[in-house]
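Subject: Structure handover

Hi,

Here is the structure for you to look at. My notes on what was found follow below.

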Amino acid sequence: MADAERRFLLSDVPWAAYVSLRDALDTARVHMTYLAGSLELMSPSERHEEESKLIARLLEAWAEERDVDLRGFKSATFRNEAEARGAEPDECYSIGPKAKDAPPQIAIEVVVANPLLDKLAVYAGLGVAEVWVWHSTSRNFAVHRLDGGRYVAAAASQLLRELDLGLLASFVRTGENHTALVKSYRAALRG
C-alpha cells in the first residue's frame with residue numbers, strides 16, 4: 001500500500017549501538033531517529049517520499065526565483081552525542097554555507113503517520129533553527145522556531161521571510177504531474 005509506513009520503537013539502545021546500526025544500514029530506505037536511548041526505525045511510504053520530493057522541488061524553485069543561496073542536504077544524518085540525539089530529516093537546508101558538523105538551519109518533516117518519538121525534542125537537541133512539519137492529511141505546514149532551547153509555533157519562516165508557505169502548500173498535490181506543478185508554482189511566484 002502506497003500510504004503504509006512501518007514504524008518500530010526500540011528502547012534502552014546505547015548511543016554506540018545506534019551509531020553502529022546507522023552506519024551499518026546506511027540507506028535511505030530506513031530512517032532512524034534517536035532520542036536518549038529510544039530508537040525509532042521508519043520505512044517511508046511512497047506517499048511520504050513523493051510529498052517530500054515535491055516539497056523539495058517547490059522550495060528549490062522558490063529559491064531560484066528569489067535568488068536565495070539555499071543549500072540542500074536531503075536526509076543526511078545529524079547526531080549530537082552529548083545531547084543523545086540523532087535524526088535524518090526528510091529534507092533539510094541551510095542558507096548559504098553550512099559550517100562543518102553544524103546542523104541544517106531548516107529541517108522538513110513529512111508526517112503521513114504519527115512518529116513514535118518527539119522529533120521536535122530531537123531537533124532542539126541538535127540545534128536546528130526551524131522545523132517545518134508537513135501534515136499530509138491536512139495538507140499544510142506547521143512552522144516551529146527554536147527559541148531558548150525549545151520550539152515555539154510560528155506563523156511563517158523567520159529564515160525565509162518572503163516565502164509564502166500557504167502558496168507552496170497549495171502545489172503539493174500527489175498524483176499530478178510534478179513538472180507541471182513546479183512550472184505553475186514558478187508562474188504564480190512571477191505573477
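Arg 71 is partly exposed, with a relative accessible area of 34%. (Buried means under 20% relative accessible area, exposed over 50%, partly exposed in between; 1.4 Å probe, protein chains only.) Its side chain meets that of Asp 69 in a salt bridge, 2.9 Å from N to O. Asp 69 is partly exposed too, at 37%. A salt bridge here is a side-chain nitrogen of Lys or Arg within 4 Å of a carboxyl oxygen of Asp or Glu.

This is a predicted model: local features need pLDDT of at least 70, side-chain atom pairs count only at pLDDT 80 or more, and totals for chains, interfaces and linings use all residues. Residues are numbered from 1 along each chain as its sequence is written, and side-chain values use heavy atoms, with hydrogens and water left out.

More on salt bridges. The count comes to 12. Arg 173 and Glu 176 form one, with the closest N and O atoms 3.0 Å apart. Arg 173 is partly exposed at 32%, and Glu 176 is partly exposed at 38%. Glu 64, Glu 65, Arg 186 and Arg 190 are linked in a network. Arg 7 and Glu 40 pair at 3.2 Å, N to O. That pair links distant parts of the chain: Arg 7 sits in strand β1 (residues 6-10) and Glu 40 in strand β3, 33 residues apart. Both Arg 7 and Glu 40 are buried. Helices (H or I, at least four residues) and strands (E, at least two) are DSSP runs, numbered from the N terminus.

Strand β3 (residues 38-43) also holds Met 42. Met 42 is buried, at 3%. Beyond its neighbours within four places in sequence, Met 42 is in contact (heavy atoms within 4.5 Å) with residues including Arg 7, Val 30 and His 48.

Now the core. A nonpolar core is a set of buried Ala, Val, Leu, Ile, Met, Phe, Trp, Tyr and Cys residues joined through side-chain atoms within 4.5 Å. The largest has 30 residues, and Leu 59, Trp 132 and Leu 163 have the most contacts inside it. α2 gives the most to this core, with 8 residues. A second, separate core of 15 residues includes Ala 107, Val 111, Val 131 and Tyr 151.

As for α2 itself, its buried residues include His 48, Leu 59 and Trp 62. Asp 67 follows α2, with a positive phi near 55°.

Best wishes
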